[in-house]
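The report that follows is meant for a reader who is meeting this structure for the first time. Please look at the sequence and the model before reading on.

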Amino acid sequence: MAALPTSDTQKYEDRAFGFWIYLMSDAIIFALLFATYLVMLGNTARGPTGQQLFSLEHAAAETAVLLLSSATFGFASVAFAQASRPGVIQWLSVTAVLGLGFLLLEYQEFSGMIAKGAGPDRSGFLSAFFALVGTHGLHVSAGIIWILVMIGQVLTKGLTRPVASRVMRLGLFWHFLDIIWIGIFSVVYLPGLV
Amino acid sequence: MDASGLPVERSRRPYLIGLGLAFILTAIPFALVAAGTLPRISTLVIIAILAIVQVLVHLRFFLHIGFRSTPFENLAAMVFAGILIVFMVGGTLWIMFDLHHRMMM
């Protein structure tokens, strides 16, 4: 590793810290969406409950895909550290495909619920469900766009220092979303089906 | 890569360990719910404990959080967010369920 001016290192450290603060504030947003969900859990307005709507197999598939994508992103980071450009592109692509697979599963689930008349307008419980799980889905969508942009930057700019710094922050974001998902299956799907 | 985005030589080992542990910690609660043999309360308690353990596993093996390796400011921000979450989520549930209880009377 070539010696870099201190100011440059300082710049990237500041960015990483700023992004970390963003992630912590995002965690608070999710925590409050979880609290809202728990408060609204009983407010089904005589509509369907989680027990009737959730599918254990479906939630397991979503969990598996997202968990695997966290590991494949890790492989992309390792490839970056080993300065392997094809490795980075390959693993980022695998991560993006797994992310898209997750979104497809979530889309099937949501559209199936809405078709059954269990959309977000059905009850307070369902409003809270779609707000919480939908916000996570929006984050995953943003993450996939970011992954595609980073694949483009690795292709055009190569494994430069600024690109490394961006991929590192994207990694924080992607692993963070997987942690939020642990909360979702442990608070929403599993207790709903017990 | 470290906090500053410097590529650091690293192996796949932590990710594979994390993936293995996360798989086990996910499979147990899903299997418990699928089997449905334990009483409701014990199942919920086990789900909650395994979820907390799995969050710690992800923080350690995927986000590489360590008491020595992670800058102090990052740990401080995380602890601060954790305290805010406990206050806000705990307070919300306390107030709303207390209100719910009183409205039932």
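## Where two helices meet

In helix 3 of chain A, the residues A:Leu56, A:Ala60, A:Thr63, A:Leu67, A:Ala71, A:Gly74 and A:Phe75 meet B:Tyr15, B:Leu19, B:Ala22, B:Phe23, B:Thr26, B:Phe30, B:Val33 and B:Ala34 in helix 1 of chain B. Two residues are in contact if their C-beta atoms, placed from the backbone, lie within 7 Å, while helices (H or I, at least four residues) and strands (E, at least two) are DSSP runs numbered from the N terminus. The residues of this contact divide into twelve nonpolar, three polar and no charged, where Ala, Val, Leu, Ile, Met, Phe, Trp, Tyr, Cys and Pro count as nonpolar, Asp, Glu, Lys and Arg as charged, and the others, Gly among them, as polar.

The axes of helix 3 of chain A and helix 1 of chain B come within 10 Å and cross at roughly 175 degrees; axes are lines fitted to C-alpha atoms, for helices over the stretch in contact, and angles run from 0 to 180 degrees between N-to-C directions. Helix 3 of chain A and helix 1 of chain B are therefore roughly antiparallel to each other, since angles under 35 degrees count as roughly parallel, over 145 as roughly antiparallel, 65 to 115 as roughly perpendicular and the rest as oblique.

This is a predicted model, in which local features need pLDDT of at least 70 and side-chain atom pairs count only at pLDDT 80 or more, whereas totals for chains, interfaces and linings use all residues. Residues are numbered from 1 along each chain as its sequence is written, and chains are lettered from A and ligands numbered from 1 in the order in which they are written.

Taken as a whole, the contact between the chains involves 43 residues of chain B and 44 residues of chain A. On the side of chain B, helix 1, helix 2 and helix 3 (72–104) each give two or more residues, and helix 3 of chain B gives the most, with twelve.

The secondary structure of chain A comes to six helices and zero strands, and buried residues make up 40% of its 194 residues. A residue is buried if 20 or more other C-beta atoms lie within 10 Å of its own, exposed if 12 or fewer, and partly exposed in between, with C-beta atoms placed from the backbone.

A nonpolar core is a set of buried Ala, Val, Leu, Ile, Met, Phe, Trp, Tyr and Cys residues joined through C-beta atoms within 7 Å. In the largest one, which has 68 residues, A:Leu132 and A:Phe185 touch the most other members. The largest share of this core, 17 residues, comes from helix 6 of chain A. Not counting residues up to four places away in sequence, A:Phe185 touches A:Ala59, A:Thr63 and A:Leu190.

Most residues other than glycine have a negative phi.
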